[in-house]
Amino acid sequence: GVNPVFKDMTLADVKKQLLGARAINLIPGNYPAPAGKYELQDLPSAFDARQKWGSCIHPIRNQQQCGSCWAFAASEVLSDRFCIAGRKDVGVLSPQYLVSCDDSDYGCDGGYLANSWQFLQNTGIPTDACYSYTSGGGDSGQCKTTCDDGSAIKTFKADKVVTPTTPADIQTEIFNNGPVEVAFSVYRDFLSYTSGVYSHKTGGLLGGHAVKAIGWGVSNGTPYWIIANSWGESWGQNGFFWIKRGSNECGIESNVIAGSPAL
């Protein structure tokens with residue numbers, strides 16, 4: 001179907017403004033893989049983090065005309081995980097701080113998943129209330145040393161970072177600890193997604209995109225991941241989409257990363 005979010009946009013606009021995940025496939029060695037596989041546990045056939053943790057799974061956001069998906073996905077995962085760990089006072093964390101201040105990445109011109117999580121470990125990010133999103137027009141902005149209101153910045157950091165590599169390990173990580181950041185290759189037919197389980201059928205490669213995986217299910221025999229996008233609530237299923245699970249569709253199971261909150 002037709003997505004209103006793409007109204008008046010060219011393919012070049014979509015590539016530049018909406019797709020910002022660089023180096024699809026995490027570079028081996030940036031983080032240690034979990035020792036062996038995760039412990040096997042009985043997982044349900046369907047799981048939605050919104051049902052287990054409620055409002056800790058924060059609302060859909062909109063990166064607008066900036067290739068900052070990498071910053072949104074990382075900050076959203078860490079935001080949710082702070083809440084899940086009991087820090088409901090933290091609220092939503094700032095993607096803008098990553099866009100403007102993480103000099104190992106490229107702001108509105110994209111970023112690397114591993115780099116952004118290293119920044120979250122070493123530097124951390126403040127809340128969205130302190131450092132609000134201003135890059136919707138495509139300008140990465142300058143890194144500020146104070147909050148919007150001039151007060152001191154307090155950052156929240158990630159602790160241990162993991163990169164689960166099998167569908168079962170990804171499910172276990174989500175089930176026990178909360179959403180994870182995933183990246184996948186976007187083909188032209190993805191732009192026509194409105195509902196159902198997506199799998200690539202036609203059209204060329206446009207770029208990489210980072211998003212937040214919050215659960216899984218099965219539809220008419222087809223297993224899928226539940227994904228929160230950052231293109232606003234008017235896109236897809238109120239901002240969410242389903243993508244085929246278990247066959248590394250568009251590389252989505254090769255590009256998974258998340259970190260526990262440093263409490």
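In this predicted model, Glu173 and Arg81 form a salt bridge whose closest N and O atoms are 2.8 Å apart. Glu173 belongs to helix α6 and Arg81 to helix α3, so the contact ties together parts that lie 92 residues apart in sequence. Both partners count as buried because they fall under the 20% cut-off: Glu173 has a relative accessible area of 4%, and Arg81 is at 3%.

The structure holds seven salt bridges. One of them joins Glu76 to Lys212, with 3.9 Å between the closest N and O atoms. Here helix α3, which carries Glu76, is linked to strand β5 (residues 205–219), which carries Lys212, across 136 residues. Glu76 is buried at 7% relative accessibility, and Lys212 is buried at 1%.

Another salt bridge pairs Asp128 with Arg61, at 2.9 Å between the closest N and O atoms. Asp128 sits in the loop between α5 (113–122) and β2 (158–162), and Arg61 in the loop between α2 (49–53) and α3 (69–84), so this pair ties together parts 67 residues apart in sequence. Asp128 is buried at 17% relative accessibility, as is Arg61 at 16%.

Back in helix α6 (residues 167–177), the buried residues include Asp169, Ile170, Glu173 and Phe175. Gly178 follows the helix with a positive phi, near 115 degrees.

Methods: Residues numbered from 1 in each chain as written. Predicted model: local features only at pLDDT ≥ 70, side-chain atom pairs only at ≥ 80, totals over all residues. Heavy atoms only, no water. Buried < 20%, exposed > 50% of the residue type's maximum accessible area, 1.4 Å probe, protein only. Helix = DSSP H or I, 4+ residues; strand = E, 2+ residues; numbered from the N terminus. Salt bridge = Lys/Arg side-chain N within 4 Å of Asp/Glu carboxyl O.
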